[in-house]
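User: I'd like to learn how to read charged contacts in a model. Can you walk me through them?
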Amino acid sequence: MSPLMKIATGSIVVGIVVLALKTLAWWMTGSIALLSDALESTVNVATAIAALIAIRLASRPADANHPYGHHKAELFSAILEGVMIIIAALLIMREAYHGFLAPRMLDAPLEGLLVNGLASVINAFWCWMLITQGRKRRSPALVADGRHLFTDVISSVGVTFGVLVAILSGWAMLDPLMALIVAINILWSGWRVMRESLSGLLDEAIPDVTLAQVRETISREAEGAVEAHDLRTRHAGQASFVEFHLIVPGDMTVNAAHDICDRIEAALKEILEGCVVTIHVEPERKAKHSGVVVL
């Protein structure tokens, strides 16, 4: 099993444990705010399963029907996660509405908060793990899952504080109010996850910092060429694609031009692991002198 698959499987296990703890906390207290926390955790489990399936699909090699690979499967997973986050937020808003209509004081509140706090600590650790490993391994599904968990941790802290204030002040209306605040925060989180995933599906260029490294690398390694132009990049999940035209002197041999291409490709793969490089070699008469990477 690959490292990404192991992490994704771990997310399912952690999600189930956290869901059980938060459900127990809600059962002990009857708090709508804690119920909202538990409802969000059901989404965590569902999206962790979706991420596992997406990572498995994305790891498949290219085939005749998918010559560019299956990398975008992870982006579809992240969009699905965003949709499910928004659905969870709407369910929480519904519970908060009923709580405003019939507010009630909580049962065994301190014990319930301790159980919910334990779930939050587990979530905080796992969210750090997901974001760190997702960025390291360039996995949008893991990063999206980690960011969602981070909003869950923030929500849980807010819920705990709100419920604690409700206990001390006796203001029962604060419980559904905290649930409503959690729901708004979750809606924002869902929108961010969907927006970032859509950029990958729409073949957005690689980040500016990385693009600058790509340009510098081509310029440095293209010694012997006349120029490089029409540089285009895109990313899809863990894969990055770099394409450009390389102009060489008309009397240069095919072997010499091929050596330059090999040198550039090897250097690019050092800064973009696993990237796919396409170089169109053209004679000197095709020089544009605009949009030039190297002279």
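Analyst: A salt bridge is a side-chain nitrogen of Lys or Arg within 4 Å of a carboxyl oxygen of Asp or Glu. Keep in mind that this is a predicted model. With that cut-off in hand, you'll find that Glu216, Arg220, Glu221 and Arg263 are joined in a network of salt bridges.

User: How many salt bridges does the structure hold?
Analyst: Five. One of them pairs Glu221 with Arg263, with 3.8 Å between the closest N and O atoms. Glu221 sits in helix 7 (residues 208-221) and Arg263 in helix 8 (residues 254-271), so this pair ties together parts 42 residues apart in sequence.

User: Is Glu221 buried or exposed?
Analyst: Buried, at 16% relative accessible area, because buried means under 20%.

User: Which elements does the salt bridge between Glu243 and Arg232 tie together?
Analyst: Those two meet at 3.0 Å, N to O. Glu243 is in strand 2 (residues 239-247) and Arg232 in strand 1 (residues 227-236), so the link spans parts eleven residues apart in sequence. Glu243 is partly exposed at 24% relative accessibility, while Arg232 is exposed at 53%.

Conventions: Residues are numbered from 1 along each chain as its sequence is written. This is a predicted model: local features need pLDDT of at least 70, side-chain atom pairs count only at pLDDT 80 or more; totals for chains, interfaces and linings use all residues. Side-chain values use heavy atoms; hydrogens and water are left out. Helices (H or I, at least four residues) and strands (E, at least two) are DSSP runs, numbered from the N terminus. Buried means under 20% relative accessible area, exposed over 50%, partly exposed in between (1.4 Å probe, protein chains only).
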